[in-house]
Amino acid sequence: MTQERVKTTEFASWKNLEAHYANMQDKTIAELFKADSKRGSELTIEAAGLFLDYSKNIITDETLDLFVKFAEEANLKQAIDDMFTGKIINETEGRAVLHTALRNRNNREILVDGKDVMPDVNAVLDSLADFSERVRSGQWKGFTGKKIDTVVNIGIGGSDLGPVMAYEALKPYSKRDIKLKFVSNIDGTHMAEALIDADPETTLFIVASKTFTTLETMTNAMTARAWLIDKLGNEDAVEKHFVAVSTNAEEVSKFGIDTANMFGFWEWVGGRYSLTSAIGLPVMLAIGSENFGKMLDGFFAMDRHFAESELKNNMPALMAFIGMWYNNFFGAGSYAVLPYDQYMSRFSAYLQQMDMESNGKRTDKQGRIVDIQTGPIVWGEPGTNGQHAFYQLIHQGTKLIPCDFIGFSKSHNKLSDHHDKLMANFFAQTEALAFGKSSEEVAAEGTKESLISHKTFPGNRPTNTMMAEELTPETLGALIALYEHKVFVQGVLFNVFSFDQWGVQLGKVLAMKILDELEDTNAQLSHDSSTNNLIERYCANK
């Protein structure tokens, strides 16, 4: 069980960071660059095909040294080892946390309860590859003998966000004669729109639910099942048009799915970390098992870097330290992730769940209310879309919003000079955010005095700049693993359990109670006056 630990603010290293912040809070990025002509080339790191420039931050070597000491005092290295070796670190649920085993490409032994998990992991990967190839080649036929050309993934949370993000990101590698759709919301509109132009003879549904009882997923699955049977006129069609990603063979069979077409995963795989498990089946169907394997290689490369590198030369740890610096000392409540590649349009949304569900906690590992801010708000949009939406607030607003910029040297779509123009904006934004434009510079341009303050940019807005040669399966895997491990490091330093999510449960429980009341017109409502009134209004008008 978790050992007793003093509260974070009582650590000697934390007090040293507070003293350091007092000396740093009025420093500017411009001053730091002026004092060190090599800063832009020295405050960089490369790992797993990714290049990170973290020079445009309000930090010095002393800042990072102090965070390393804090991490050492918090026993981070032991926590990393415990995760990779299968120790039970998700203590509130009594589970190991081994998403890293899913991409353990050197196949080293990993024990859970004395059993090596790798044979089972490899067996599932092999079955996924076999099934994917049968569908992609046309060998798998629907009930009427036609090959599949549409795949609808039905899931929610980690069973949806990861696959849809990766599918969009790796679309250049996908088999374009198979159309993928993703349904997650229990709002009937989501399923209705997915089915509106689908051909039941050529559509395959993947139902992704570990327990096969998730309310949203099973409601959507039952609707899809009824649609299929209505269109094809035979319940036997279910077996040829539905497969499951689940561990509940009894419920899967009851639904009508042959358990030979059920792909399993394990209790030690958390939903938001499950993309590299059988949850990634729709991605493998799209890009093929070979490219899926390359994505796993990218994950593994970052995993090894994280597990083996010293903290000051460890990319996930550095990003975690920098994030905490702004969250816990400068009071920045959010940060933006801004990928300059349209294929990564769902990446920020994916990171929202990873970070906010993991570290959005108010209770520490000893059951005490935490004494520092924990997980930040994560948000963002791709490329220049964001520049024409919310960058105004980042540049000239009153809130400090650190940003991660992600860009690629090569584009998959070489149209005219589009990519040069995209990347010109990429580089310009981090420069403008860091250094701004002074009132003297504005005045020197002949600006009317009444407009000078409006056209002045304060700068000193921190950014990380992440670059890779191209958005490939390997690159995507490394990027996802980087953020996974960053979140893990921050969870250790916040002293919270990052791999449970009790906060999502209360609303689910109340929703089931209210659902019964919505279906029973004679139900006696026993909520607060606001909720009672709203329910009565809905029932009167539905």
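Rings of Phe, Tyr and Trp (its six-membered ring) pair if their centres lie within 6.5 Å; planes under 30 degrees apart count as stacked, over 60 as edge-to-face and the rest as tilted. By this rule the count comes to 34 aromatic pairs. Two of the pairs are tabulated below.

| Aromatic pair | Centre to centre | Angle between planes | Class |
|---|---|---|---|
| Tyrosine 273 and phenylalanine 499 | 5.3 Å | 55 degrees | tilted |
| Tryptophan 325 and phenylalanine 329 | 5.3 Å | 40 degrees | tilted |

The model is predicted: local features need pLDDT of at least 70, side-chain atom pairs count only at pLDDT 80 or more, and totals for chains, interfaces and linings use all residues. Residues are numbered from 1 along each chain as its sequence is written, and side-chain values use heavy atoms, with hydrogens and water left out.

Tyrosine 273 and phenylalanine 499 are both buried (under 20% relative accessible area, with exposed over 50% and partly exposed in between; 1.4 Å probe, protein chains only). Tryptophan 325 and phenylalanine 329 are likewise buried, and both belong to a cluster linked by ring pairs that includes Phe11, Trp14 and Tyr21.

Strands (E, at least two residues) are DSSP runs, numbered from the N terminus. In strand 13 (residues 463-468), 6 of the 6 residues are buried, so the strand is largely enclosed by the rest of the structure. Thr463, Thr465 and Met467 point one way from strand 13, and Asn464, Met466 and Ala468 point the other way.

Strands pair if DSSP finds at least two bridges between them. Strand 12 (residues 403-408) runs parallel to strand 13, joined by 6 bridges, and glycine 407 stands opposite methionine 467. Strand 2 (residues 50-53) pairs with strand 13 in the antiparallel sense over 3 bridges; here aspartate 53 stands opposite threonine 465.

Notes: Helix = DSSP H or I, 4+ residues; strand = E, 2+ residues; numbered from the N terminus.
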